[in-house]
Amino acid sequence: MSTNFNRIRVWTEQLQITIPQLFFKYYNELNIQDEEALIVLHLLSFEQEGIDFPTPNDLMQRTNFQLMTISQILQRLMQKGFVEISQSTDDSGRITEKYSVYPLWERLLELLQSKEQQQLATANKMDEAKIFQLFEQELGRLLSPMEIETIGMWMDLDQHSPEIIKAALKEAVLADKVNLRYIDRILIEWKKRNIKTLAQIEKHSEQYRKNTMAQSSIHQIKHQETIQQTKKVSFYNWLDERE
(Lines give C-alpha, C1' and ligand atoms only; values in the text may rest on other atoms or scores of the structure.)
Protein backbone atom coordinates (compact mmCIF):
# COMPACT_ATOMS: atom_id res chain seq x y z
CA MET A 1 0.00 0.00 0.00
CA SER A 2 2.84 2.44 0.80
CA THR A 3 3.96 2.36 -2.84
CA ASN A 4 0.49 3.40 -3.98
CA PHE A 5 0.36 6.14 -1.36
CA ASN A 6 3.71 7.55 -2.46
CA ARG A 7 2.61 7.48 -6.09
CA ILE A 8 -0.60 9.35 -5.22
CA ARG A 9 1.40 11.93 -3.27
CA VAL A 10 3.64 12.52 -6.30
CA TRP A 11 0.64 12.78 -8.63
CA THR A 12 -1.12 15.30 -6.42
CA GLU A 13 2.02 17.37 -5.92
CA GLN A 14 2.60 17.44 -9.69
CA LEU A 15 -1.08 18.37 -10.24
CA GLN A 16 -1.63 15.24 -12.33
CA ILE A 17 -4.78 14.54 -10.32
CA THR A 18 -7.56 17.11 -10.50
CA ILE A 19 -10.95 15.85 -9.28
CA PRO A 20 -10.83 12.04 -9.21
CA GLN A 21 -13.87 10.18 -10.41
CA LEU A 22 -13.29 7.77 -7.53
CA PHE A 23 -13.95 10.59 -5.08
CA PHE A 24 -17.37 11.29 -6.62
CA LYS A 25 -18.16 7.59 -6.59
CA TYR A 26 -17.13 6.72 -3.04
CA TYR A 27 -17.13 9.85 -0.86
CA ASN A 28 -20.50 8.89 0.60
CA GLU A 29 -19.06 5.52 1.72
CA LEU A 30 -16.25 7.39 3.44
CA ASN A 31 -18.91 9.19 5.52
CA ILE A 32 -18.17 12.53 3.86
CA GLN A 33 -21.21 14.81 3.78
CA ASP A 34 -22.17 16.67 0.62
CA GLU A 35 -21.13 20.04 2.04
CA GLU A 36 -17.78 18.55 3.13
CA ALA A 37 -17.25 17.10 -0.35
CA LEU A 38 -17.93 20.53 -1.86
CA ILE A 39 -15.27 22.14 0.34
CA VAL A 40 -12.80 19.41 -0.65
CA LEU A 41 -13.44 20.17 -4.31
CA HIS A 42 -12.86 23.86 -3.71
CA LEU A 43 -9.60 23.12 -1.89
CA LEU A 44 -8.47 21.14 -4.94
CA SER A 45 -9.53 23.99 -7.22
CA PHE A 46 -7.57 26.53 -5.18
CA GLU A 47 -4.54 24.23 -5.21
CA GLN A 48 -4.63 24.12 -9.01
CA GLU A 49 -4.62 27.89 -9.03
CA GLY A 50 -1.49 27.93 -6.86
CA ILE A 51 -3.34 28.91 -3.68
CA ASP A 52 -2.33 26.19 -1.22
CA PHE A 53 -3.86 27.69 1.90
CA PRO A 54 -7.16 29.44 1.10
CA THR A 55 -8.79 31.21 4.01
CA PRO A 56 -12.40 30.66 5.09
CA ASN A 57 -13.12 34.03 3.47
CA ASP A 58 -11.74 32.75 0.15
CA LEU A 59 -13.97 29.69 0.40
CA MET A 60 -16.99 31.76 1.41
CA GLN A 61 -16.73 33.82 -1.78
CA ARG A 62 -17.15 30.66 -3.86
CA THR A 63 -19.98 29.07 -1.87
CA ASN A 64 -23.26 29.95 -0.23
CA PHE A 65 -21.93 28.95 3.19
CA GLN A 66 -21.45 31.35 6.05
CA LEU A 67 -17.97 31.95 7.46
CA MET A 68 -18.72 30.00 10.64
CA THR A 69 -20.10 27.05 8.64
CA ILE A 70 -16.97 26.88 6.47
CA SER A 71 -14.73 26.90 9.54
CA GLN A 72 -16.79 24.09 11.07
CA ILE A 73 -16.62 22.03 7.86
CA LEU A 74 -12.84 22.44 7.64
CA GLN A 75 -12.52 21.41 11.27
CA ARG A 76 -14.68 18.30 10.70
CA LEU A 77 -12.63 17.30 7.65
CA MET A 78 -9.45 17.50 9.71
CA GLN A 79 -11.01 15.68 12.67
CA LYS A 80 -12.16 12.88 10.37
CA GLY A 81 -8.64 12.62 8.99
CA PHE A 82 -9.42 13.64 5.40
CA VAL A 83 -7.57 16.95 5.31
CA GLU A 84 -4.40 18.03 7.06
CA ILE A 85 -2.36 21.20 7.32
CA SER A 86 1.24 20.58 6.35
CA GLN A 87 4.21 22.91 6.77
CA SER A 88 7.16 23.48 4.49
CA THR A 89 10.04 25.92 4.16
CA ASP A 90 10.41 28.00 1.01
CA ASP A 91 13.66 29.16 -0.60
CA SER A 92 13.85 32.20 1.66
CA GLY A 93 13.58 30.05 4.80
CA ARG A 94 10.04 31.15 5.55
CA ILE A 95 7.67 28.52 6.92
CA THR A 96 4.50 28.17 4.84
CA GLU A 97 1.34 26.17 5.44
CA LYS A 98 -0.95 24.38 3.00
CA TYR A 99 -4.02 22.22 2.99
CA SER A 100 -3.30 18.64 1.93
CA VAL A 101 -5.93 16.14 0.86
CA TYR A 102 -3.36 13.36 0.76
CA PRO A 103 -5.02 11.64 3.80
CA LEU A 104 -8.25 11.55 1.76
CA TRP A 105 -6.53 9.68 -1.10
CA GLU A 106 -5.03 7.36 1.50
CA ARG A 107 -8.44 6.54 2.96
CA LEU A 108 -9.87 6.15 -0.52
CA LEU A 109 -7.21 3.60 -1.42
CA GLU A 110 -7.88 1.72 1.81
CA LEU A 111 -11.57 1.57 0.92
CA LEU A 112 -10.82 0.29 -2.59
CA GLN A 113 -8.43 -2.31 -1.23
CA SER A 114 -11.06 -3.47 1.25
CA LYS A 115 -13.63 -3.77 -1.54
CA GLU A 116 -11.17 -5.73 -3.66
CA GLN A 117 -10.47 -8.13 -0.79
CA GLN A 118 -14.20 -8.61 -0.19
CA GLN A 119 -14.77 -9.37 -3.87
CA LEU A 120 -11.85 -11.79 -3.87
CA ALA A 121 -13.15 -13.52 -0.74
CA THR A 122 -16.61 -13.84 -2.30
CA ALA A 123 -15.12 -15.24 -5.51
CA ASN A 124 -13.03 -17.73 -3.51
CA LYS A 125 -16.11 -18.89 -1.61
CA MET A 126 -17.89 -19.51 -4.89
CA ASP A 127 -14.86 -21.36 -6.27
CA GLU A 128 -14.66 -23.48 -3.12
CA ALA A 129 -18.30 -24.50 -3.50
CA LYS A 130 -17.67 -25.43 -7.13
CA ILE A 131 -14.67 -27.55 -6.11
CA PHE A 132 -16.88 -29.99 -4.19
CA GLN A 133 -19.30 -30.22 -7.12
CA LEU A 134 -16.42 -30.85 -9.52
CA PHE A 135 -15.09 -33.73 -7.40
CA GLU A 136 -18.53 -35.30 -7.24
CA GLN A 137 -18.82 -35.06 -11.03
CA GLU A 138 -15.45 -36.73 -11.60
CA LEU A 139 -16.05 -39.41 -8.96
CA GLY A 140 -19.60 -40.00 -10.17
CA ARG A 141 -21.00 -39.99 -6.65
CA LEU A 142 -21.54 -37.84 -3.58
CA LEU A 143 -18.52 -37.06 -1.42
CA SER A 144 -18.26 -38.73 1.95
CA PRO A 145 -17.91 -36.58 5.10
CA MET A 146 -14.25 -37.63 5.32
CA GLU A 147 -13.61 -36.58 1.71
CA ILE A 148 -15.33 -33.23 2.27
CA GLU A 149 -13.13 -32.67 5.31
CA THR A 150 -9.98 -33.61 3.35
CA ILE A 151 -10.77 -31.17 0.52
CA GLY A 152 -11.58 -28.49 3.09
CA MET A 153 -8.22 -29.03 4.78
CA TRP A 154 -6.44 -28.60 1.44
CA MET A 155 -7.94 -25.12 1.21
CA ASP A 156 -7.99 -24.04 4.87
CA LEU A 157 -4.88 -25.62 6.38
CA ASP A 158 -2.63 -26.22 3.39
CA GLN A 159 -3.72 -22.93 1.77
CA HIS A 160 -4.10 -24.44 -1.69
CA SER A 161 -6.20 -22.23 -3.95
CA PRO A 162 -9.25 -23.73 -5.69
CA GLU A 163 -7.52 -23.41 -9.07
CA ILE A 164 -4.52 -25.43 -7.82
CA ILE A 165 -6.80 -28.16 -6.46
CA LYS A 166 -8.66 -28.25 -9.78
CA ALA A 167 -5.33 -28.62 -11.58
CA ALA A 168 -4.37 -31.52 -9.30
CA LEU A 169 -7.73 -33.16 -9.99
CA LYS A 170 -7.10 -32.74 -13.72
CA GLU A 171 -3.70 -34.45 -13.37
CA ALA A 172 -5.37 -37.33 -11.54
CA VAL A 173 -8.02 -37.67 -14.27
CA LEU A 174 -5.32 -37.75 -16.97
CA ALA A 175 -3.48 -40.43 -15.02
CA ASP A 176 -6.74 -42.35 -14.53
CA LYS A 177 -6.21 -42.27 -10.76
CA VAL A 178 -9.12 -40.20 -9.52
CA ASN A 179 -8.86 -40.68 -5.79
CA LEU A 180 -8.09 -38.24 -2.99
CA ARG A 181 -4.96 -40.05 -1.87
CA TYR A 182 -3.33 -39.65 -5.28
CA ILE A 183 -4.43 -35.99 -5.51
CA ASP A 184 -3.05 -35.38 -2.04
CA ARG A 185 0.33 -36.73 -3.17
CA ILE A 186 0.26 -34.34 -6.14
CA LEU A 187 -0.49 -31.37 -3.88
CA ILE A 188 2.24 -32.37 -1.43
CA GLU A 189 4.73 -32.61 -4.29
CA TRP A 190 3.74 -29.21 -5.65
CA LYS A 191 3.95 -27.62 -2.22
CA LYS A 192 7.38 -29.17 -1.69
CA ARG A 193 8.50 -27.58 -4.97
CA ASN A 194 6.82 -24.26 -4.06
CA ILE A 195 4.45 -24.52 -7.03
CA LYS A 196 1.58 -22.08 -6.48
CA THR A 197 0.37 -20.95 -9.90
CA LEU A 198 -1.05 -22.59 -13.01
CA ALA A 199 1.92 -21.31 -15.01
CA GLN A 200 4.32 -23.08 -12.62
CA ILE A 201 2.24 -26.27 -12.89
CA GLU A 202 2.34 -26.15 -16.68
CA LYS A 203 6.10 -25.60 -16.66
CA HIS A 204 6.63 -28.43 -14.17
CA SER A 205 4.39 -30.81 -16.18
CA GLU A 206 6.19 -29.95 -19.41
CA GLN A 207 9.57 -30.60 -17.81
CA TYR A 208 8.30 -33.87 -16.38
CA ARG A 209 7.07 -34.98 -19.81
CA LYS A 210 10.42 -34.10 -21.37
CA ASN A 211 12.30 -36.08 -18.72
CA THR A 212 9.94 -39.03 -19.11
CA MET A 213 10.37 -39.04 -22.88
CA ALA A 214 14.15 -38.79 -22.53
CA GLN A 215 14.26 -41.70 -20.10
CA SER A 216 11.97 -43.71 -22.40
CA SER A 217 14.28 -43.04 -25.35
CA ILE A 218 17.33 -44.10 -23.35
CA HIS A 219 15.53 -47.28 -22.29
CA GLN A 220 14.60 -48.08 -25.91
CA ILE A 221 18.18 -47.52 -27.08
CA LYS A 222 19.56 -49.79 -24.37
CA HIS A 223 16.94 -52.40 -25.23
CA GLN A 224 17.93 -52.30 -28.91
CA GLU A 225 21.62 -52.60 -27.99
CA THR A 226 20.85 -55.64 -25.84
CA ILE A 227 19.02 -57.27 -28.75
CA GLN A 228 21.90 -56.58 -31.14
CA GLN A 229 24.45 -58.03 -28.72
CA THR A 230 22.28 -61.10 -28.27
CA LYS A 231 22.20 -61.66 -32.03
CA LYS A 232 25.98 -61.56 -32.23
CA VAL A 233 26.47 -64.38 -29.72
CA SER A 234 27.21 -67.78 -31.41
CA PHE A 235 25.29 -70.75 -30.11
CA TYR A 236 26.47 -74.35 -30.58
CA ASN A 237 24.01 -76.34 -32.62
CA TRP A 238 23.86 -79.71 -30.98
CA LEU A 239 21.79 -81.08 -33.86
CA ASP A 240 24.71 -80.65 -36.26
CA GLU A 241 27.13 -82.61 -34.08
CA ARG A 242 28.72 -85.58 -35.91
CA GLU A 243 30.13 -88.62 -34.23
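Modeller: The crossing of α6 and α8 is left-handed, meaning that the near helix is turned anticlockwise from the far one by less than a right angle. This is a predicted model, in which local features need pLDDT of at least 70 and side-chain atom pairs count only at pLDDT 80 or more, while totals for chains, interfaces and linings use all residues. Residues are numbered from 1 along each chain as its sequence is written, and side-chain values use heavy atoms, without hydrogens or water.

The axes of α6 and helix α8 (residues 162-174) come within 9 Å and cross at roughly 15 degrees (axes are lines fitted to C-alpha atoms, for helices over the stretch in contact, with angles from 0 to 180 degrees between N-to-C directions). Therefore α6 is roughly parallel to α8 (under 35 degrees; 65 to 115 counts as roughly perpendicular). From α6, the residues N124, D127, E128, I131, L134, F135 and E138 meet P162, I165, K166, L169 and V173 of α8 (contact means heavy atoms within 4.5 Å). This α6 and α8 contact comprises 7 nonpolar, 1 polar and 4 charged residues.

A second pair is formed by helix α7 (residues 145-156) and helix α9 (residues 180-192), whose axes come within 12 Å and cross at roughly 10 degrees. Accordingly, α7 is roughly parallel to α9. Here E147, T150, I151 and W154 of α7 meet L180, I183, D184 and L187 of α9, giving 5 nonpolar, 1 polar and 2 charged residues.

The axes of α3 and α5 come within 10 Å and cross at roughly 90 degrees, so α3 is roughly perpendicular to α5. In this contact, E35, E36, I39, V40 and L43 of α3 face I73, L74, R76 and L77 of α5; 6 of the residues are nonpolar, none is polar and 3 are charged.

The largest nonpolar core has 26 residues, of which F23, I32, I39 and L104 touch the most other members (a nonpolar core is a set of buried Ala, Val, Leu, Ile, Met, Phe, Trp, Tyr and Cys residues joined through side-chain atoms within 4.5 Å; buried means under 20% relative accessible area with a 1.4 Å probe, protein chains only). At least two residues of this core come from each of α2 (21-26), α3 (34-48), α5 (67-79) and α6 (102-139), and α3 supplies the largest share, 7 residues. Apart from this core lies another, of 20 residues, including I151, L169, I195 and I201. Residues up to four places away in sequence aside, L104 touches F23, L30, I32, V40 and F82.

Notes
Buried < 20%, exposed > 50% of the residue type's maximum accessible area, 1.4 Å probe, protein only. Helix = DSSP H or I, 4+ residues; strand = E, 2+ residues; numbered from the N terminus. Parallel < 35°, antiparallel > 145°, perpendicular 65-115°, else oblique. Nonpolar A, V, L, I, M, F, W, Y, C, P; charged D, E, K, R; others polar.
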